[in-house]
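Trainee: I'd like to learn how to read this model, feature by feature. Can we start with what counts as a contact?

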Amino acid sequence: MTGEPDLRTLLSDMRPELNPGRYVFTMAEGGVPSGVSPVVTVAEPEGLTLVVSQADADAAGMAYDYVAGWITLRVHSALAAVGLTAAVSRALADADLSCNVVAGFHHDHLFVPYEQAERAVEILRRLAA
């Protein structure tokens, strides 16, 4: 199935959904620790970045300093679509909210400050309307 490339459709159909739990960005040397199930991995020259549940990070003794809520945009966006990340990040930036965006094959995922995650979902719903 091909993803949606049209920005207007992407925005109106994005259906932001807050996933349960708290998530953190952390680093792993030598691979993913046993018992840790990352939702995102990024290989960088400095090491392996993981986004994991805060509970997994705590159990594995992994350091972190940013606790996030995880929002999934339920629209199937095309990887070549132009403007979705910009529109979403602008709306959140205008509300003084940080946003870390990760594109999956089917959906875009946003990591926002945990305490502000529900507010972020409401901002995105207004953007979609």
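Mentor: Contact means heavy atoms within 4.5 Å. Take Gln-54: leaving aside its neighbours within four places in sequence, Gln-54 is in contact with Arg-22, Tyr-23, Val-24, Tyr-64 and Val-67. One caution before we go on: this is a predicted model, where local features need pLDDT of at least 70 and side-chain atom pairs count only at pLDDT 80 or more, while totals for chains, interfaces and linings use all residues. Residues are numbered from 1 along each chain as its sequence is written, and side-chain values use heavy atoms, with hydrogens and water left out.

Trainee: Which element holds Gln-54, and is Gln-54 buried or exposed?

Mentor: Two terms first. Helices (H or I, at least four residues) and strands (E, at least two) are DSSP runs, numbered from the N terminus. Buried means under 20% relative accessible area, exposed over 50%, and partly exposed in between (1.4 Å probe, protein chains only). Gln-54 lies in helix H2, and with a relative accessible area of 16% Gln-54 is buried. Ala-55 is in helix H2 too, but Ala-55 has 54% and is therefore exposed. Ala-60 also belongs to H2, which covers residues 54-60; at 34% relative accessibility, Ala-60 counts as partly exposed.

Trainee: How many helices and strands does the protein chain have, and in what order do they run?

Mentor: The protein chain has four helices and six strands. Starting at the N terminus, the order is α-β-β-β-α-β-α-β-β-α. The radius of gyration of this chain is 15 Å, close to the 14 Å that the globule rule gives for 129 residues, so the chain is as compact as a globular protein of that length. That radius is taken over C-alpha atoms, and the globule rule is 2.2 Å times the number of residues to the power 0.38. Along its principal axes, the C-alpha trace spans about 45 × 30 × 25 Å.

Trainee: What share of the residues is buried, and what share of the contacts joins residues at least 24 apart?

Mentor: Of the 129 residues, 41% count as buried. For contacts between residues at least 6 apart in sequence, 72% join residues at least 24 apart.

Trainee: Which side chain makes a polar contact with the side chain of Asn-19?

Mentor: A polar contact is a pair of N or O atoms within 3.5 Å; within protein, one must be able to donate a hydrogen and the other to accept it, and residues adjacent in sequence count only if both atoms are side-chain atoms. For Asn-19 the partner is the side chain of Thr-72, at 2.9 Å. Asn-19 sits in strand S1 (residues 16-28) and counts as buried at 14% relative accessibility. Leaving aside its neighbours within four places in sequence, Asn-19 is in contact with Trp-70, Ile-71 and Thr-72.

Trainee: What about backbone angles? Where is Asp-96 found?

Mentor: Look for positive phi in residues that aren't glycine. Asp-96 has a positive phi of about 65°, and is found in the loop between helix H3 (84-94) and strand S5 (100-103). Asp-96 counts as exposed at 72% relative accessibility. Arg-15 is another non-glycine residue with positive phi, near 45°, and its place is in the loop between helix H1 (7-12) and S1.
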